[in-house]
Amino acid sequence: MSNLCGIDFGTSNSTIGILKDDKAKLVNLEGLSKTIPSAIFYEEDDNLTVYGRNALNYYRENYNGRLLRSLKSILGTSLNNEKTFIRDTRIPFTDIIQDFFMHIKQQAEHIEQTNLDYAVIGRPINFVDGDDIKNKLAQDTLERIARNAGFKDIAFQYEPIAASLKYEQSLTNEELVLIIDIGGGTTDISVINLSPKFTNIKDRNKHCLANHGVHIGGTDFDKHLNLQSIMPLLGYNQSIGNNMIMPRHLYHDMSTWHRINNIYTPEFKRSIMQFKKSLDPIYYNRVLDVIEDKLASSICFTVEESKIELSTDISVNKDLSFIEHSLNVDITQDDLSKAINNDLQHIGITIDECLSQAQITRDDINSIFLTGGSSQMALIKQYVNSLFPNTKIDNSDSLSSVGTGLVLDAINKYK
Ligand SMILES: Nc1ncnc2c1ncn2[C@@H]1O[C@H](COP(=O)(O)OP(=O)(O)OP(=O)(O)O)[C@@H](O)[C@H]1O
Ligand SMILES: [Mg+2]
């Protein structure tokens, strides 16, 4: 069937891949780019809805409206059934994800001049850590969304297994491989036997020794760097007298993409205003400006940019004059390392748990496929290298391996 596809709906970026000329091919969803940021902007003056890079640009160019990002993170959580205000109407978060799904499906169909009816959709091992009921809710929700978007048949595949199918194409011998996919929202790990001889086998379950995952990814690194380097300038961890500090959850909401819209509500503003007398006015005025002028997303963009630049630069200086005249901040590699240290340890524990589920040790692994956008971080590469100093690590295809693997899986399933 030529109208099959693989969909990698990522926390930060998405892809759709199809079968073309007997090969798996990712569609150039935006210009020459195969990835589209998983972002929607609902513009309010002209009722325009824009997606991907356009959505980010509309936000940056100060159009009036709402930017939504990291929507995959709501699946299976308490927000799964919640609504949010879009143009004065309360809309379920799942309808917003559906808008995005329909957009990428129609875009791919238009560009490739084909109908896409059959989809293998990637899913993390854990949408919600260690909770089978919530994980089922998340997958069922995604299936309903895909069906409403017009797909006739839908199957799911674990994202690291999909990545492994892409990696397998580069192998010449059988290998026991550890797949580590560190994306925007989750880290997903599989231990799997791969071989060029296995590529036509339909059911790969018997080759897979273990799957494991944890809800830690690039957006957590951003959040923790934000809390470490920028939120203190708005009062995070600052005293409010009587040996008390500002409530931390307020700052967690301000630095978490999928919660940011909560902070522009009257209730949130009231919860800040109660500290008018107890918080130093320098911080109080800044935090109030951030919520009144809706600046939290700009802060998150600045932090993500810093994180990426800190893979090559020892330190960066960031202009925060959009918050206060001539405000700026220095952020160093050391700050980033401290901010994400707990996350790294957690990832390390999850890797070891996956190995023990597979009943093997680190030494049994022949090679590692380290993929996902966050695997481009120098600190991540160093960390994985320190756990496996003698093992070959392949770090290619960090943004396209899951999407391409999902098409390979769809070919196996539907062709
Ligand atoms: N050069 C880079 N250095 C550091 N981080 C990067 C770099 N490029 C991208 N990232 C980060 O990678 C993350 C996105 O990766 P990716 O596109 O693989 O995630 P995703 O597939 O959307 O998420 P998930 O699979 O977790 O749902 C973002 O957090 C982004 O900041
Ligand atoms: Mg991913």
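Helices here are DSSP runs of H or I with at least four residues, and strands are runs of E with at least two, both numbered from the N terminus. The model is predicted: local features need pLDDT of at least 70 and side-chain atom pairs count only at pLDDT 80 or more, while totals for chains, interfaces and linings use all residues. Residues are numbered from 1 along each chain as its sequence is written.

Start with the whole protein in view. Its secondary structure comes to twelve helices and 18 strands. The radius of gyration, taken over C-alpha atoms, is 22 Å; the globule rule (2.2 Å times the number of residues to the power 0.38) gives 22 Å for 415 residues, so the protein is as compact as a globular protein of that length. Along the principal axes, the C-alpha atoms fill a box of roughly 70 × 50 × 40 Å.

Next, select residues 132–148, which form helix α3. These 17 residues reach 24 Å from first C-alpha to last, close to the 24 Å expected at 1.5 Å a residue (1.5 Å times one less than the number of residues).

Within α3, pick out N135, A138, T141, L142, I145 and A146, which are buried (20 or more other C-beta atoms within 10 Å of the residue's own, C-beta atoms being placed from the backbone). Look down the axis of α3: the buried residues fall within an arc of 135°, taken from the directions from the axis to the C-beta atoms, so they line one face of the helix.

Now turn to the other side of α3, where D132 and I133 are exposed (12 or fewer such atoms).

Finish at G150, which follows α3 and has a positive phi, near 115°.

Note on methods
Chains are lettered from A and ligands numbered from 1 in the order in which they are written.
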